[in-house]
Amino acid sequence: MAVVLPPETLAVNERRAAELLDREWSLLIGGELVGARGGRTFPVSSPYTGEVLAHVPDGDREDADRAVAAAAAACPGWAARSAGDRAAAVHALADAIEKRSRDFALLDTVNGGSPIAIMSADVRAAVATLRYFAGLALELKGDTVPASTDLHLTERQPYGVVAKIIPFNHPFMFAAGKIAAPLVAGNAVVLKPAEATPLSALLLAEVCRDVLPAGVVNIVVGDGTAVPDALVRHPDVFRIGFTGSEPVGRAIQRAAAEVAVKVITLELGGKNALIAFPDADLDEVADAAVRGMNFTWSGQSCGSTSRLLVHESIADEVVARIARLLADREYRHPLDPAAVQGTLVNRTQYDRVLGYLDTARAEGARVVTGGGPPDGAGTALFVAPTVLDDVTPDHRVANEEVFGPVLTVLRWTAETEAVALANDVRYGLTGSVFTHDIRRAHRVARALETGFVWINTAGPHYLGLPYGGWKNSGTGTEEGLDELLSYTRVKSVTVAL
C-alpha cells in the first residue's frame, strides 16, 4: 500500500528516510529476499553527512550464478505468456512503484546526494518508461516475405537471460527503467545496481517479488567487480545492457568475447558540445548551458553538454550571463524540497573532480566561477558549479569526461572550426546547436559525430526518440522501439505449401 505522508518538508523527509533505512537489506534471487551466500555485507554512506546509511549484502560470483540460474528457470514460462499478459504485468509493476514513488526518491537522495526534486522526477521517468514499453508489446511482430510460392515468415523471440548493469547517477530511474524493454520482450533479468547507490534497487526487489513471477527479475549487488564480471562471463547470458564509463564498457566487451558471442548494448560517456552562433539568443544560450551541464546533480550525467563552444564575438557576454545564473547558489540538505544543488556521489568521485580542476589551472584555464568546494560545505561532498574559460583543445579538461560540475569554454571564429572542435574528441553522445539560421542549424546538426542532437535547447530526453552514442560513447540505442526489438532475436520460418 502507498504510504501517506504529510506535505514535503526537510523534517518530514528526514523522518521518512530514517524509517526506510531501518531495515534489513536483501538481494532478490528466484523470488526470495536473501542475503549474500557468504554472509558478507558492505557499508553504504551518505555523500552529504558522511555517515553510514546501511549495510547491504556483498554478493559474489556464487550469488550471480544463483541469480542467472533462477532467471533461466523462469524464462520459459515468462516467454510463453502472450505479449499482452507480459505488458499487463509490467503495467502492474509501474502501478506498484508509483504507490511508493516518494520512498524510492528519498532513498536515492540520501544515497546519491542529488536533490529530492530531481530524484522524484527520476521515479516518474521510470514509471513512464515501464508504461511506454508495456504499450509497445504488440510491436514485437515479424514479417511475411514473398520469397517463393511457399509461406515465409519471421518471428521475434527473447534471448532468455539478460544482464543489466547500471551506474550510480540515476539509481532508481535506471534500475526500474532499464528492465522494462527486456521484460516486455519476454526475457528474465538479472539487475546489478552500482555499489555506491544500491538502496533504491534493493527496495525495488521487494516490489518485484510481490508483483512479478519468481525469477523473472533478480537483483544482486556486490562491492567490487565479482558480480558484474560473473554476469558478463556467464555462458547462459547472451544479452547484456550496460550503462557507465567507456573503460568499463570496453572491459565488458573483452570479457564477454572470451566466453561466447554475445549481444551487448553500451551507453557510455560523453564530452558533449553546445555550439553557440552569434545570432543566438544569449539568454537562451546561457540558460541552456546551465541546464545542459546538469549542474543540479553535479554534472554526473554522460549526456551533459560539458563543452561550451561559443563564437568569440559573444563569448564574454555569454560567460558573464552563465556566471550570474550560478551566483549565490545555495547548498542545502538534498532532502530539502528547495535544494537545487547536489553533491558528488562519493569521496572517490569528489577527489577525481578536484584533481581535474587542479590540472586545468596548471594547464592555464581560468576559473570564472566555482573551482572547488563552496564555503561552509563541511563534510558534504559539494563542488561548486564551475566554469573554466581560456581552455584550449589540448587541455585534459577539454577532452576527458570529468563527470562533475565543470563547464569548459572554448572560443571559435568560423563554423568549420566549431564543428571540428566539437568532433575532435573520442566521444559522440550528444550535441547542441544554437542559431536562428535554420539552414545552418541542420547543416551543423548533420555534421556532428554524435547520436543525439538538440537545436536551440539542451538536456531533455523524449520517450520514443532513440538515445545512443557514436564512437566511444557506445553501441545501440535506448528509449525507443529499437530498444525493445534489440532484446529479441529474429527467427525465419518456411512452410512448404
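In which loop does N294 lie?

Reply: This is a predicted model. N294 lies in the loop between α11 (282–292) and β12 (307–311). Its backbone stands out. Most residues other than glycine have a negative phi. N294 is not a glycine, yet its phi is positive, at about 55°. The residue is also buried. Its relative accessible area is 9%, and the cut-off for buried is under 20%.

D328 is not a glycine either, and its phi is positive at about 60°. D328 sits in the loop between α12 (312–326) and α13 (347–362). Here the surroundings part ways. D328 is exposed, with a relative accessible area of 77%, whereas N294 is buried.

Now the aromatic side chains. The structure holds eight aromatic pairs. One of them joins Y48 and F382. The ring centres are 6.1 Å apart and the planes meet at 80°, so this pair counts as edge-to-face. The cut-off for that label is over 60 degrees. Y48 belongs to the loop between β3 (41–45) and β4 (52–57). F382 belongs to the loop between β13 (366–369) and β14 (386–389). The pair therefore ties together parts that are 334 residues apart in sequence.

F382 is buried, with a relative accessible area of 1%. Y48 is partly exposed, at 22%.

Next, the whole chain. The protein chain has 16 helices and 21 strands. Its radius of gyration is 23 Å, close to the 23 Å from the globule rule for 497 residues, so the chain is as compact as a globular protein of that length. The C-alpha trace spans about 70 × 65 × 45 Å along its principal axes. Of the 497 residues, 57% count as buried; N294 is one of the buried residues.

The surface comes last. The protein chain exposes about 19,300 Å². Carbon and sulfur atoms supply 52% of that area. As for charge, there are 46 positive and 60 negative side chains. The centres of these two sets lie 3 Å apart.

Technical notes. Residues numbered from 1 in each chain as written. Heavy atoms only, no water. Helix = DSSP H or I, 4+ residues; strand = E, 2+ residues; numbered from the N terminus. Rg over C-alpha atoms; globule rule 2.2 N^0.38 Å. Buried < 20%, exposed > 50% of the residue type's maximum accessible area, 1.4 Å probe, protein only. Areas by Shrake-Rupley, 256 points an atom, 1.4 Å probe, with all protein chains shown as cover. Lys, Arg positive; Asp, Glu negative; His and termini not counted. Charge placed at Lys NZ, Arg CZ, Asp CG, Glu CD. Phe/Tyr/Trp six-rings, centres within 6.5 Å; stacked < 30°, edge-to-face > 60°.
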